[in-house]
Amino acid sequence: MTALHYVMLVKCPDTLGVVAAVSGFLAENRCSIGESQQFLDEETGRFFMRITFAPEEVEGFDLAGLGERLAAIAERFQIDFKLFDPATRPRVLIAVSKFGHCLFDLLHRWRAGLLPVDIVGVLSNHDDMRSFVEWSGLPYYHLPVDKADKRPQEQRFLNLIADRKVDLVVLARYMQILSEEMCEALSGRCINIHHSFLPSFKGAKPYHQAHSRGVKIIGATAHYVTTDLDEGPIIEQGVERVSHAKSAENLATIGRDIECAVLARAVTWHVEHRVCLNGQRTVVFS
C-alpha cells in the first residue's frame, strides 16, 4: 500500500446495499478502491468492511471533508465508520517491566522500518531497560509502583499518555495489573501480550505450570486490555508443539519467541487499521 491509499473501516447492522452504497460513494467522489474486505457475523447480524482507496486528484484532497459527505449514507445504514490516513503514523508508548524480549523485538522492527509507528518512549516500573532504550534514542520513563497504593503511579502513567498524545499503549510484558479505571481510559487502545495460550495456565510461572502438566503445545496471546483480567478481545495467538524432552526453561525460551512474534503481528495489524472490535471478539482483516 502506498501513502496515497487511505483506509476506511465500516461497522453496521447487516443491511442490503451497504457495499454498493459505500463503493458508489467513493466512485462519485472520484476515489478508486484498491482493496476491499468484508465479513458478516451471522451470530450478531453485524457487518464489517475494510476498504483502501485513493483519490484521483491527490492535490487538495480533503479526508475530513470526505467523511462529512459520507455522513448521510452512514445515517441511512446505521454505519459506524472511521477514515485513516496511513501517512499519519500512530504514536505508541511501550510499557515494560524486567523481561525485555518483546521490547527488544519491537524496537528492532521499528528501527528497521518494519513497524509504521512513532514510538514516543518506553515506560517501566523498573530501571532495568533504561540503558538499552536510551541507546535506541528514546526517552525512558521510570515510574516505580508503590504496592500499597498504585493510584498515583497510574495517574502519572495516564498524564504521560495525554501529554505525549499517545494513540496506542503496548504492554510488552509490563507485569502490573491495571486498575478498572485505567483499563476503561485505555479501552480499545491498549494491547497486552499474555505469556500463555489463553485461557490456560494463568498466574505465575505459566511455563512451569505447563511443564508440570506435560503439555504438548505452548503459545502466547495478544489481546486488548479490558477490566476483565486477561479476558479482553483477542487479536492474535501463536502456538508451537513441544515434546516431553523439553525442560521448563526450554519452554520459556520457545515461549518468548512466540510472544515476540504474536505481539508484533497484533501491533502491526492495529496500526494498519485491520482490527475491528466485535463485542468480546475481534474481526481481523489480513
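## Overall fold

Among contacts in the protein chain between residues at least 6 apart in sequence, 66% join residues at least 24 apart. Please keep in mind as you read that this is a predicted model.

The protein chain contains eight helices and 13 strands. Its radius of gyration is 21 Å, close to the 19 Å that the globule rule gives for 286 residues, so the chain is as compact as a globular protein of that length. If you turn the model to its principal axes, the C-alpha trace spans about 60 × 40 × 35 Å.

## Inside and surface

Of the 286 residues in the protein chain, 46% are buried. The chain exposes about 14500 Å², and 51% of that area comes from carbon and sulfur atoms.

## Cysteines

For anyone planning to look for disulfides, the structure holds zero of them. A disulfide is a covalent bond between the sulfur atoms of two cysteines, and here a pair counts as one when the sulfurs are within 2.5 Å.

Take cysteine 102 to begin with. The closest cysteine sulfur to its own belongs to cysteine 260, but the distance is 4.3 Å, so the two are too far apart for a bond. Cysteine 102 is buried, with a relative accessible area of 1%.

Most residues other than glycine have a negative phi.

Arginine 30 has a phi near 55°, a positive value in a residue other than glycine. With a relative accessible area of 53%, arginine 30 is exposed.

Histidine 273 is not a glycine either, yet its phi is positive, at about 60°. Is histidine 273 buried or exposed? Histidine 273 is buried, with a relative accessible area of 14%, whereas arginine 30 is exposed.

How values were computed: Residues numbered from 1 in each chain as written. Predicted model: local features only at pLDDT ≥ 70, side-chain atom pairs only at ≥ 80, totals over all residues. Heavy atoms only, no water. Buried < 20%, exposed > 50% of the residue type's maximum accessible area, 1.4 Å probe, protein only. Helix = DSSP H or I, 4+ residues; strand = E, 2+ residues; numbered from the N terminus. Rg over C-alpha atoms; globule rule 2.2 N^0.38 Å. Contact = heavy atoms within 4.5 Å. Areas by Shrake-Rupley, 256 points an atom, 1.4 Å probe, with all protein chains shown as cover.
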